[in-house]
Amino acid sequence: MNERQLRLAYVLCVGLFLSWPSNAITSIRIGNDSMFSMFCAVSFYYLLRWYEFHKLRYMFFSLIAASFCVWTKTNGLILFGLIGALILATCIKEYILFRKKDQLRPLIAMFSIVFVIAIYFSFQSKIQETLSDPNARLIVGNANTLGPAFIVGKGPSNFLTLDLVKFIKTPFTHALEVDSGREYFWYYLFKTSMFGEFNWGRGTVPFAKVESALFLLLIIVFFTGLISFSKRKELLPFILSLQLFLTAMILFRISYPFSSSGDFRYIYPALLPFSELVATAVLYSKTKMIKIGASTIIFVFILSSVFFQLATIIELLGDKNHP
């Protein structure tokens, strides 16, 4: 690895994340999702700092941001799961292998105290509401208000089926349209991660189809890179966070079988580690052909995303019904 390759991986990672099509949706959306994503990113940043330098102040900042994340949106609990998993990995390495017990006690105490306080202030009112109202939900408060039109299947076929041809040919999806692929978890999750549940207009269709095909290639790049990731301990937080986010979304879809349970609002925080791992696959690829191919796929996806955004602006400017 040289400095030039490292700079290339950095540019590809940042470019992929910043040019992601659904950024336009998330940035203007009025709700708690933007705040959730911000606290999630802050917590993850300081967690990476702690994982590298093992300074307690970094863990403290990460836990505080995670607490605000849970307070903003209950699925922020995933962050505490990620932090706890990394602490456990550190305990196994530092305590069992090296017997550094004194360094782990304040770390575990800090995690326990902040976690209890965060749970108390985030769920106190919800627990009281659940005790007084048997129909109230602790995790998803508005689940009872969703109509039957949102209900989808939760059998094995809903999680194991992905029509690749339809994924490329059908540019957009929708939570209420039966033929839009909403029944299938991965199809709906991947589509909404890029375009949400909206039809962006006729002028954006060609770019949406190209990006759909390139997205599938990005998945291949990611899995190709996993072979090189196995011995890279610095990538553990990224891999673990992506695994936890995906596992949580699968369990969430099973517990709440609604099409809207797997849309872009829940996948967006996972885009940061995904972008990092895809770009790192270029960095650690063992053959020059894979490096060039993966770099080209990422670059073309970024370029297509830019043209997609421009086509969206042109579409809005040409819409006379749009204010």
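How far is the sulfur of Cys40 from the closest cysteine sulfur, and in which residue does that sulfur lie? The sulfur of Cys40 is 4.9 Å from the one in Cys69, and that is too far for a bond. This is a predicted model. The chain holds 14 helices and 0 strands. Of its 323 residues, 45% count as buried.

**Overall build**
- From the N terminus on, the elements run α-α-α-α-α-α-α-α-α-α-α-α-α-α.
- Take the contacts in the chain with a separation of 6 or more: residues 24 or more positions apart account for 75% of them.

- Helix H1 covers residues 3–18, which makes 16 residues.
- From first C-alpha to last, H1 reaches 22 Å, close to the 22 Å expected at 1.5 Å a residue.
- The buried residues in H1 are Ala9, Leu12, Cys13, Gly15 and Leu16.
- Helix H14 covers residues 288–318, with 31 residues.
- H14 reaches 45 Å from its first C-alpha to its last, close to the expected 45 Å.
- Buried residues in H14 include Lys291, Ala294, Ile298, Phe301, Ile302, Ser305, Phe308 and Thr312.
- An α-helix has 3.6 residues a turn, so residues three or four places apart point the same way.

**Largest pocket**
- About 950 Å³ of space lies in the largest pocket.
- Its lining is made by 32 residues.
- Nearest the pocket centre lie Leu48, Glu234, Leu235, Phe238 and Glu276.
- Five elements are named as giving two or more residues to this lining: H1, helix H3 (33–53), helix H5 (77–97), helix H11 (236–255) and helix H13 (271–284).
- By residue type, the lining divides into 21 nonpolar, 3 polar and 8 charged.

**Cysteines**
- The structure holds 0 disulfides.
- A disulfide needs two cysteine sulfur atoms within 2.5 Å. Cys40 does not pair, because the closest cysteine sulfur, in Cys69, is 4.9 Å away.
- Cys40 counts as buried, at 5% relative accessibility.
- Cys13, in H1, also counts as buried, at 12% relative accessibility.

- Met110 is found in helix H6, residues 101–132.
- Its relative accessible area is 18%, so Met110 is buried; the cut-off for buried is under 20%.
- Leaving aside residues up to four places away in sequence, Met110 touches Leu56, Met59, Phe60 and Leu63.
- Met110 and Leu63 are 47 residues apart along the chain, yet their C-alpha atoms are separated by 8.6 Å.

**Glu52, in helix H3**
- Glu52 is found in helix H3.
- With a relative accessible area of 56%, Glu52 is exposed; exposed means over 50%.
- Glu52 and Glu234 are 182 residues apart in sequence. In space they are 7.7 Å apart, C-alpha to C-alpha.
- Glu234 is also one of the residues nearest the centre of the largest pocket.

- His54 is found in the loop between H3 and helix H4 (56–72).
- Phi of His54 is near 55°, a positive value in a residue other than glycine.
- His54 is partly exposed, with a relative accessible area of 40%. That value falls between the cut-offs of 20% for buried and 50% for exposed.

Notes: Residues are numbered from 1 along each chain as its sequence is written. This is a predicted model: local features need pLDDT of at least 70, side-chain atom pairs count only at pLDDT 80 or more; totals for chains, interfaces and linings use all residues. Side-chain values use heavy atoms; hydrogens and water are left out. Helices (H or I, at least four residues) and strands (E, at least two) are DSSP runs, numbered from the N terminus. The expected span of a helix is 1.5 Å times one less than its number of residues. Buried means under 20% relative accessible area, exposed over 50%, partly exposed in between (1.4 Å probe, protein chains only). On a 1 Å grid over the protein atoms alone, a cavity is a set of points where a 1.4 Å probe fits but cannot get out, and a pocket is an open set with protein on both sides within 12 Å along at least five of seven lines; lining residues have an atom within 4 Å of a point. Grid points are joined across faces, edges and corners, and a volume is the space filled by probe spheres set on the points. Ala, Val, Leu, Ile, Met, Phe, Trp, Tyr, Cys and Pro count as nonpolar, Asp, Glu, Lys and Arg as charged, and the others, Gly among them, as polar. Contact means heavy atoms within 4.5 Å.
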